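Let us take a walk through a protein model together. Have a look at the picture, and then we will go through it piece by piece.

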Amino acid sequence: MLLDTTPATSGFSLLQRRQRGALRLSGLLAAAIGTVAIAGQQGDPSVKRLPAAGAANGALTIGAVIALTGNANLYGQDQRLGIDLARRWSLSRAPQRPLRLQLEDGGSDEATAIAAFNLLIKQGALALIGPTLSQQAFAADPIAQRRGVPVVAPSNTAKGIPQIGHFISRVSAQSSVIAPLSITEALRRDPKVRRVAVFYAQDDAYSTAETLIFQKALAARGLPPVTIQRVQLADNDFQIPITAALQLQPQLVVISVQAVAGGNLIRQLRELGYRGQIVVGNGLNTPNIYPICQRWCDGILIAQAYSPELNTPINRTFLRLFRASNPGESPSQIAAQAWSAYQVLFEAVQRLQARGGLEDVGLGQAREALMQELLSGRYDTPLGPIHFQRDGEVVQGRFYVAQVRMDPGGRTGRFELVRNASAPASAAPAAGAATSPPVPLTAR
Amino acid sequence: MAAMIDNGLLVQMLIGALLGVSVYLPLAAGQLSLASPAFYAVGGTLAALLSTSWPVLGAGADGTFPLASFLLELLLGGLLAGALALLVGRLVLRLQGIYLAIATIALVEIVRVAILNLPFTGGAIGIFGIPQPFPTAAGYLLPALALLALAGWVCQRLEGMPLGRAMAAIRNDELAARCMGIDTTGVKLTAFVLSAVLAGSTGALAAHFLNTWNARQGSFDTSVTMLAFVILGGSRSWLGPVVGGLLLTALPELLRPVGDARLVLFGLVILLGPVLFPQGLITPSLLERLGAPLRPASWRRRGGVAP
Amino acid sequence: MIESLLQTLLNGAASGGVYALVALGYTLVFSVLGVINFALGALFSLGGYLTYLLMGGRISANGALPGWGLPLELPFPLALLLAAALTGLASLVVEKLAFVPLRRRNAEPLLYLITSLGAGLVVVNLLQMLMGAEGYAFPASALAGLPAAVVVAGARIRSVQVLLLAVCAAAVLALTLWLERSRGGRALRAVAEDATTARLLGINSDAMLRLAFLLSGALAGLGGGLIGVSISLPGPYVGIGYGLKGLAVLVLGGLGSVPGAIAGGLLLGLAEAMVPSGASGWRDALAFAILFAVLLVRPSGLLGRRLVEKV
């Protein structure tokens, strides 16, 4: 052969080239992943020394993981507001150790909350506020616990959250404490109730836990429900479960659902002719239900951990700041709890700073010391006076039962306080006088 | 940028890549099956249940978990998912094209609701406090990478094996393949089961990684996201979904600085991806170019000229 | 007994009507283009919000724009129709961005799924950014004068549900008549049957395709507005659930079959209504279980054309 006409690709079929290409690309990817893995490992911030309080970069970071997207951002909005107001208030107190707030979107799912926690911890947050949902907390709190980062939960009320670990605490009282108060009030108003219908969102962790508490309280009063209707969070049309329940002619309806679905459920209940009392759970503890159920919301009973009508200096300050940016409205429990979470951390940091506990220590030690300080303090918050048990559970002196009162236009309304209630005997006694005699909780 | 991806996110990216390969396998045999999230959910539920309710596996009181039990769960998760796929596959694979896709979406929803409603799976609350075989997220990197490497190795070898060639033939033209004597049902079923096994093992890994597990893991959203991994990454090679899975899982997190608009941007990426890269990122021609011999062929030619 | 049967029928028909609307939306596009428009659920939400805004509803966009609203306060029927029309236009935009570039390159059907999904994500998240996460209920004046609920032979049904049923039935009837009788409708059906032949016969296929998108968007928007007035708008994701169920109905009835979509919608609505309330958690799975079962027995859906492979 004088001329070699062998094509350049001779000896290498396309298949072999693809396979070799795939191998090389895999190698590249593996190397890239390895690099990213190592880069992600560096710099455990917990050994870094804290800067001095007066230094230019002396501000310590408080991280907040709040649901700003997804279906829980209804609560996240209020929480963001509450935390922001508390931060502004704290600045006006000329703190010795300034604090910086870093807010991250925790989404409404576990993975986003985990990512947000990891991000903030890695960036050296002193402590964390959040996450919004109890089910997110079960996923993300163990991470903070392992890394030794204090967490103050503003709105997790499910059972077992502070027990996740030493570093986990909350300012939101457990639903088992609050929920039965509204049942008591409803039965007080109409002692002749015999038939109770229960609705709950069975695909929501919080509602599922809360309804058990309601049912237990009802059973303790000798009133097992005549029907238990299970709905889905994504439902908005409750024609079917409502008509099924109304056939049994209930005199009291107890609802454990999240806000929007709850608003619809109430409206449809009324439209389909139900005239009895309605007791709702914590998921409807937000003014965001007003536009949904409008005038049909009037008269529903809810037990709360916060009342705007509490007449203490800190609550008046909170109300003043709140109304400056939201004229004519009253803050929700969620906002008040978010404020309290920030306030509690702020005050604990300042106390620790005053004792010298934040000078010349590493971040890890500071976090540990802060947790100790947090658990040992007493705080005067818009929720009333609170402190913590050793396991991080909040001890709150007083609770409230409120009734929704809608304005004649049906677009706005408020939670009107109808009853103050004191805490169960095992907790600290309420401080300050109530405006009406406290109703002791029934034995459970 | 590398520093923004901490090890936890990296593990999530690897899980995304694994799920992408799981969708790729049936697609390589021409079957658009979106059933992987169902098997992912099954594997995860099994791992969550076993590790929290079977003391024999050795879950410690402080939340630790022996590595051997963890690996066992990966295996069992995959096997259970595979068994389920074997049962369901024969029925489902009789369907064609878009009908198959919709039927698999239906399967995902049925499994999700079943897990939500069965008494022992924890309902809406799910199962939490899943014990950890590793003290930090970084520990999961190695098992995830190993699983991915295993999956990649299988896919790579498939191309040269008769099974792989049969799959490609079916993808090209199922009728012709059947006429040539290929057992199309068996091949399709094999691909389906392999994909389920991978998804099930991934689920078991993810359950431990996420600390908690519930019916919301593995739903229709996951189906379409995984499909996006494959389409944007490239559906002609297993590396396509790997790259697609890595990138698209990282993207919403990397877009955090953008703030509220980040999911809008994410949607834009998915909208424009197929327009800009109709064959995906990893195309066969890209692989061919990457696989070019290092020595230019002209050297060989010179050496090969006969006098 | 009769009244509980009637109750079930009424409950089922109302939700079935909306499912049928969404399924018809999918059917129109599928019959001419052969692909599923995954952005339909997002358009459903869009229609709901547009109806709300046109009625003078106020939004607050996560607190950023408290009390903002359009300087309009249209009565409900007008707002509904206008919102549906606007959603149809939005559907055309989606077509332009997500479908046309792919058609130019003769892309495989799978890619349309992804781009329409991306378009849907963009719309839903834009809505989230602009409208915020609050739920919005339509002003009570929407149904001025109607009693809250009517009683039909012992069965109670909310008046809005009756309205929903009536409007859905009217829309479906109008669409079917238009497809059967009018020139435009017959041209559309011709393109659906065989685009090449239709073009040879002088029908402008591209225009028909755009018309299909317009109508499909309008149907989805109509559904969104109806659901909004009946139930309220819980968030931008409301359309996704209906989109998914509509997809199930689409396949159930047979891809590309208009009577199939209608029958499938009603069937699904009824089946869901018949689930006893103790098992209400399984209701969502019912749609898909039925779908699954039907597909196994009749792979092309109830009334669909059998897929014949041409060799």
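A residue is called buried if 20 or more other C-beta atoms lie within 10 Å of its own, exposed if 12 or fewer do, and partly exposed in between, with the C-beta atoms placed from the backbone. Helices (H or I, at least four residues) and strands (E, at least two) are DSSP runs, numbered from the N terminus. This is a predicted model, in which local features need pLDDT of at least 70 and side-chain atom pairs count only at pLDDT 80 or more, while totals for chains, interfaces and linings use all residues. Residues are numbered from 1 along each chain as its sequence is written, and chains are lettered from A and ligands numbered from 1 in the order in which they are written.

Let us begin with chain A. Chain A has twelve helices and 15 strands, and its C-alpha atoms fill a box of roughly 110 × 60 × 40 Å along the principal axes. Of the 444 residues in chain A, 55% are buried.

Now pick out helix α1 of chain A, residues 14–41. The expected span of a helix is 1.5 Å times one less than its number of residues. For the 28 residues of α1(A) this gives 40 Å, and the end C-alpha atoms are 40 Å apart, so the two agree. Which residues of α1(A) are buried? They are Arg18(A), Gly21(A), Ala22(A), Ile33(A), Val36(A), Ala37(A) and Gly40(A). Part of their cover comes from chain B: it includes α1 (7–28), α5 (141–160), α10 (239–254) and α12 (284–290) of that chain.

That brings us to the places where chains meet. Two residues are in contact if their C-beta atoms, placed from the backbone, lie within 7 Å. By this rule, 44 residues of chain B touch 45 residues of chain A. On the chain B side, α1, α5, α10, α12 and α13 (297–304) each supply at least two residues. Sorting residues by class, Ala, Val, Leu, Ile, Met, Phe, Trp, Tyr, Cys and Pro count as nonpolar, Asp, Glu, Lys and Arg as charged, and the others, Gly among them, as polar. This side of chain B has 25 nonpolar, twelve polar and seven charged residues.

Chain A also meets chain C, in a contact that takes 30 residues from chain A and 27 residues from chain C. Here α8(A) gives the most to the chain A side, with six residues. That side has eleven nonpolar, 16 polar and three charged residues.

Chains B and C meet too. Axes are lines fitted to C-alpha atoms, for helices over the stretch in contact, and angles run from 0 to 180 degrees between N-to-C directions. The axes of helix α11 (residues 262–276) of chain B and helix α4 of chain C come within 7 Å and cross at roughly 160°. Angles under 35 degrees count as roughly parallel, over 145 as roughly antiparallel, 65 to 115 as roughly perpendicular and the rest as oblique. α11(B) and α4(C) are therefore roughly antiparallel to each other. Their contact has 16 nonpolar, five polar and no charged residues.

Finally, find Leu110(C), which sits in helix α4 (residues 109–131) of chain C. Is Leu110(C) buried, exposed or partly exposed? Leu110(C) has 18 other C-beta atoms within 10 Å, so it is partly exposed. Leaving aside neighbours within four places in sequence, Leu110(C) is in contact with Leu32(B) and Ile231(B).
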